[in-house]
Amino acid sequence: MIADRDKESKQEVVEMLRGQLKVEGELIGLYEKQERDSDNKAMKRVMQMFRLDSQRHINILEAAIEIIEGQEVFKEDKKPLAETLEKHLALEKQALDNANKILGKAWVDENKGLKGLLQLLRDDEKRHHKA
């Protein structure tokens with residue numbers, strides 16, 4: 001738990017995180033509008049991807065605020081969480097390997113949009129494995 005001596009600093013950080021929550025909410029609104037207004041399936045998927053990423057950011061920010069405000073992961077929750085993450089990483093390693101194989105294809109390299117999307121997937125999986 002974060003010490004009480006840091007109360008003012010904690011409040012400042014919580015306010016900053018809440019401000020970012022508002023930004024992420026606005027971004028979700030923008031992505032939803034673009035998704036609704038477009039007839040292009042690929043564009044809709046990209047907007048959905050961005051929207052889900054902002055939703056993920058909201059979850060991260062809310063969890064950070066909860067921890068700063070005194071909520072911790074309970075001891076009894078840590079083992080199941082670790083087991084779930086281990087399975088998650090094993091499954092995502094397969095996705096990472098597949099993305100690398102696909103990105104090695106010449107025709108994929110020639111399609112900048114497809115290549116960019118697959119690089120996003122690969123890089124996201126890489127980040128998960130570093131964490």
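A residue is called buried when its relative accessible area is under 20%, exposed when it is over 50%, and partly exposed in between (1.4 Å probe, protein chains only). The model is predicted, so that local features need pLDDT of at least 70 and side-chain atom pairs count only at pLDDT 80 or more, while totals for chains, interfaces and linings use all residues. Residues are numbered from 1 along each chain as its sequence is written, and side-chain values use heavy atoms, with hydrogens and water left out.

Lys 93, with a relative accessible area of 42%, is partly exposed, and Asp 97 falls in the partly exposed class as well, at 31%. The side chains of Lys 93 and Asp 97 meet in a salt bridge, with 3.2 Å from N to O, where a salt bridge is a side-chain nitrogen of Lys or Arg within 4 Å of a carboxyl oxygen of Asp or Glu. Because Lys 93 and Asp 97 are four residues apart in helix α3, about one helical turn separates them; helices (H or I, at least four residues) and strands (E, at least two) are DSSP runs, numbered from the N terminus.

Helix α3 (residues 75-103) also holds Glu 83 and Lys 79, again four residues apart, and these two form a salt bridge whose closest N and O atoms are 4.0 Å apart. Glu 83 is partly exposed at 40%, whereas Lys 79 is exposed at 58%. A further pair is Asp 123 and Arg 122, with closest N and O atoms 3.1 Å apart; here Asp 123 is partly exposed at 32%, but Arg 122 is buried at 17%. Over the whole structure, the search finds nine salt bridges.

Helices α2 (41-68) and α5 (112-130) each supply at least two residues of the lining of the largest pocket, and α5 gives the most, with eight residues. A pocket is an open set of points on a 1 Å grid over the protein atoms alone, where a 1.4 Å probe fits, with protein on both sides within 12 Å along at least five of seven lines, and lining residues have an atom within 4 Å of a point. The space in the largest pocket is about 400 Å³, and of its 15 lining residues the closest to its centre are Met 49, Asp 53, Leu 120, Asp 124 and Arg 127.

Elsewhere, Trp 107 lies in helix α4 (residues 106-110) and counts as exposed, at 55% relative accessibility.

Conventions
Grid points are joined across faces, edges and corners, and a volume is the space filled by probe spheres set on the points.
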